[in-house]
Amino acid sequence: MSDEPVPRAPDLPTVRAVIELGCRAPSVHNTQPWRWVLDGTRLHLLRDTERHLDAADPHGRQAVISCGAVLHHVQTAFASHCWHTEVVRLPDPARPDLLATLEFQPWPHPPVGMFRRAEAIQRRYTDRLPMAEPFGWASVRLVLDTLVQDHDLTLDVLDEDARARLALASEQSGALRTYDPQYQAEIVWWTGHLDTAQGVPPSALVSDSERARVGIARDFPTPGPSARRGELRDRAHLAVLTATDESPMTWLHTGEALSALLLECTASGLSTCALTHITELVSGRRLLSSLIGHPGVPQVIVRIGFAPEQDQPPLTPRRPLTDVFTEKRASP
């Protein structure tokens, strides 16, 4: 038996590798509104308030959801390195930007699912094109229900009759924003640019005809004419992550549940597209509440389907590690 002390935290190269991988998490407009600070043996997640969307996200709801997604991605990546993370969420009421503090314990035998989802981080992407119906849905749905419930949310899958009403709500959401100059300026700023480490690149956007075959999508600038996936009309399932209230804690849990769902779908060979443009508006949340058929506050819609593997676009850009990670020996 070795007398060497058990390390209290991963070494710095492991932390750096995990943060870099975990920051592949999705975020609204790929703003990546997070910062990580390593303070001795603890890791702190902070919201980067300088990356706030004033028009699309005035209350910071989507930014916190995005930070919840990166929190779960990072926890999953640490688990694949055999480290368990104890998380204290919103640890300091005087520091609303401090969203979570992580402490570590060795975890010799994480569940197999952790490794599957960690491996999926690099392969996950947002698929805005039409998708075919997901295969093996019944078994995938059972796993997703459990993963989402672990974060105190429910997963509601809408029936086919709801698609037309949701498509109309999506269209109305876009129409309401057409003459909002601040919103339109944000969209232009964050989308369609080459050679940047943030935002939605042209390769991740869809043409008008492709978006029309999906029916439920945010109105981003179009990259030009294109008709990928031929005449395929979207048959993706429409899932809603539903919470019991509206609060920063709930938003953080929503992001964690969203991350778990996206990674499990990717590991199962399915494609996904998370949508928040409808839930940005009170009218959209009310419609979704009526469609799910039980009390709750809808947070995110996710399209889940099957897509031809050869259609996968290049990975969207991410900020360099030096921009999002700091090591120091004091509190953040």
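Start with a term: when I say one element covers or touches another, I mean contact, with heavy atoms within 4.5 Å. And keep in mind that this is a predicted model.

Helix 4 comes up to begin with. Helix 4 runs over residues 137-149, 13 residues in total. From the first C-alpha to the last, helix 4 reaches 18 Å, close to the 18 Å expected at 1.5 Å a residue.

Which residues of helix 4 are buried? The list is Trp137, Val140, Leu144, Asp145, Leu147 and Val148. Those residues cover an arc of only 170° around the axis, so they sit on the same side of helix 4. Turn to the face pointing away from that buried side, and you find the exposed residues Ala138 and Leu142.

Helix 3 is up next. Its buried residues are Gly113, Arg117, Ala118 and Ala120. They span an arc of only 155° around the axis, which places them on the same side of helix 3. Their packing partners are helix 1 (12-22), helix 2 (61-80), helix 4 and helix 8.

Helix 8, then. Mostly covered: 17 of its 20 residues are buried. How far apart are its end C-alpha atoms? They are 29 Å apart, and because 20 residues at 1.5 Å a residue should span 28 Å, that agrees. Just after helix 8, glycine 269 has a positive phi of about 85°.

Look at the pairing of strand 3 with strand 4. The sense is antiparallel, over 7 bridges. Within it, valine 88 stands opposite threonine 101 in strand 4.

Now the backbone. Most residues other than glycine have a negative phi. Two residues here are worth a look.

Leucine 90 has a phi near 50°, positive, and it is not a glycine. Leucine 90 belongs to the loop between strand 3 (83-89) and strand 4 (98-106). With a relative accessible area of 27%, leucine 90 is partly exposed.

Aspartate 152 is the other one. Its phi is positive, about 65°, and again this is not a glycine. Aspartate 152 sits in the loop between helix 4 and strand 5. Is aspartate 152 buried or exposed? Exposed, at 58% relative accessibility.

Last, the cysteines. How many disulfides are there? The count comes to 0. A disulfide needs two cysteine sulfur atoms within 2.5 Å. For cysteine 67, the closest cysteine sulfur is in cysteine 23, and because that is 9.7 Å away, it is too far for a bond. Cysteine 67 is buried, at 0% relative accessibility. Cysteine 82 is partly exposed, at 29%.

Terms used. Residues are numbered from 1 along each chain as its sequence is written. This is a predicted model: local features need pLDDT of at least 70, side-chain atom pairs count only at pLDDT 80 or more; totals for chains, interfaces and linings use all residues. Side-chain values use heavy atoms; hydrogens and water are left out. Helices (H or I, at least four residues) and strands (E, at least two) are DSSP runs, numbered from the N terminus. The expected span of a helix is 1.5 Å times one less than its number of residues. Buried means under 20% relative accessible area, exposed over 50%, partly exposed in between (1.4 Å probe, protein chains only). The arc is that of the directions from the helix axis to the C-beta atoms. Two strands pair if DSSP finds at least two bridges between them.
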